[in-house]
Amino acid sequence: MELRLEVVQVPVSDVDRAKAFYTDNLGFVLDHDVEHIPGMRVVQLTPPGSSASIVIGTGMNSMIPGSLEGLQLVVPDMEPARRELLGRGAPVSEVQDMGGFAFAYFSDPDGNRWVIQEIPRQGPQA
C-alpha cells in the first residue's frame, strides 16, 4: 500500500487575500482556482519544490479561519530562504536555534501558524 499526503486544507476567511499572500509573499505556485459547484471554490497552491500542496477556498470544510498551526516548510538553508521571504513581505520571525536545528515562524493573514525548519541536504550531523 502507498499513502501519500499531498494536499492540506488551510481555513481562511478571505480567499482572494489568502491567495495573494501565498503567491506574492511566499512564492507558492497557483495550481488552480476553480468553482466546481456553486459555492465551492477550490484554490490549490504548491510551495516551490514541494510535492505537497495546500487548498484554500469556500464550501469545503467547517474549520475556523486561522485555527491551523504547525504546518512545516523545510528548507536546506534558513538564511537565504528567510531573506527571500522577508523581501517578498512575509512576516517571518527571527531564527531560533533549537539545539542545532534552526526554526522560524510566520502566520498568514488569518492567523494560521506556519513553521520553517532548516534541514541541510546532507542531514544533521551526529
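**Close-up views of a predicted model**

**View 1. Arg 41 and its surroundings.** Leaving aside neighbours within four places in sequence, Arg 41 is in contact (heavy atoms within 4.5 Å) with Val 15, Asp 16, Lys 19, Asp 33, Val 34, Glu 35, Ile 56, Gly 57, Thr 58 and Met 60. This is a predicted model, where local features need pLDDT of at least 70 and side-chain atom pairs count only at pLDDT 80 or more, while totals for chains, interfaces and linings use all residues. Residues are numbered from 1 along each chain as its sequence is written, and side-chain values use heavy atoms, leaving out hydrogens and water.

View 2. Arg 41 has 19% relative accessibility, so Arg 41 counts as buried (under 20% relative accessible area, with a 1.4 Å probe and protein chains only). Its side chain makes a polar contact with the side chain of Asp 16, at 2.8 Å (a pair of N or O atoms within 3.5 Å, one able to donate a hydrogen and the other to accept it; residues adjacent in sequence count only if both atoms are side-chain atoms).

**View 3. The largest nonpolar core.** This core has 25 residues, and Val 10, Tyr 22 and Trp 114 have the most contacts inside it (a nonpolar core is a set of buried Ala, Val, Leu, Ile, Met, Phe, Trp, Tyr and Cys residues joined through side-chain atoms within 4.5 Å). Helix α1 gives the largest share, four residues.

**View 4. Around Tyr 22.** Not counting residues up to four places away in sequence, Tyr 22 touches Val 10, Gly 27, Phe 28, Leu 45, Ile 54, Asp 108 and Trp 114.

Terms used. Buried means under 20% relative accessible area, exposed over 50%, partly exposed in between (1.4 Å probe, protein chains only). Helices (H or I, at least four residues) and strands (E, at least two) are DSSP runs, numbered from the N terminus.
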